[in-house]
Amino acid sequence: MERVEQLKEKGFDLAGLEHTFGFLLHAAWRDALKAFNAFFAGTDMTPSAYAVLMLIQSNPGCAPGDLSEIMGITSNNMTRTLDDLVARKLAVRRVSDADRRVRLLYLTDAGVAFLEELRRRHAAYEAHFDEQIGAERIAALCDILRRFG
């Protein structure tokens, strides 16, 4: 939102968008992504890839389709994310004993170790917003956003 404030100070007319939910939500996401990239610099992780690692760790043996559904992304995008995680040796696909056509997902030891580092960075990222906005306001915002899911 910093750039928006700079434009407003220069007299740029936002046509009332600065009072609309969608515009503000998009601007907040943009700023959150910028902060994510700063806190996760050097890890080559996107928010989606990080979430996928967390979900695989919490649900060993899950199917890619389940991850696609919970993440709300297409199977093509999920496949690309998983291909990257497998290539980086952070996750593996194993054939299901119950149905040999199905591939199930697991973290590797390297994936578990890497995720520990990512969780430390994530804690710092969350602390940044708690400090900037306030923990109570963040909790209230999260309560509101859960109504969309």
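Helices here are DSSP runs (H or I, at least four residues), numbered from the N terminus.

This is a predicted model: local features need pLDDT of at least 70, side-chain atom pairs count only at pLDDT 80 or more, and totals for chains, interfaces and linings use all residues. Residues are numbered from 1 along each chain as its sequence is written, and side-chain values use heavy atoms, without hydrogens or water.

Stay with α2. Its residues A27, A32, A35 and F36 are buried (under 20% relative accessible area; exposed is over 50%, partly exposed in between; 1.4 Å probe, protein chains only). Their cover includes α3 (47-58) and α6. Contact means heavy atoms within 4.5 Å.

Now follow α6 (residues 109-133) to α7 (residues 135-146). Their axes come within 7 Å and cross at roughly 110°. Axes are lines fitted to C-alpha atoms over the stretch in contact, with angles from 0 to 180 degrees between N-to-C directions. The two helices are therefore roughly perpendicular (65 to 115 degrees). On α6, the contact uses F129, D130 and I133; on α7, A135, R137 and I138. Four of these contact residues are nonpolar, none polar and two charged.

Finally, the cysteines. C62 counts as buried because its relative accessibility is 10%. C142, at 31%, counts as partly exposed. The structure holds zero disulfides (cysteine sulfur atoms within 2.5 Å).

How values were computed: Angles under 35 degrees count as roughly parallel, over 145 as roughly antiparallel, 65 to 115 as roughly perpendicular and the rest as oblique. Ala, Val, Leu, Ile, Met, Phe, Trp, Tyr, Cys and Pro count as nonpolar, Asp, Glu, Lys and Arg as charged, and the others, Gly among them, as polar.
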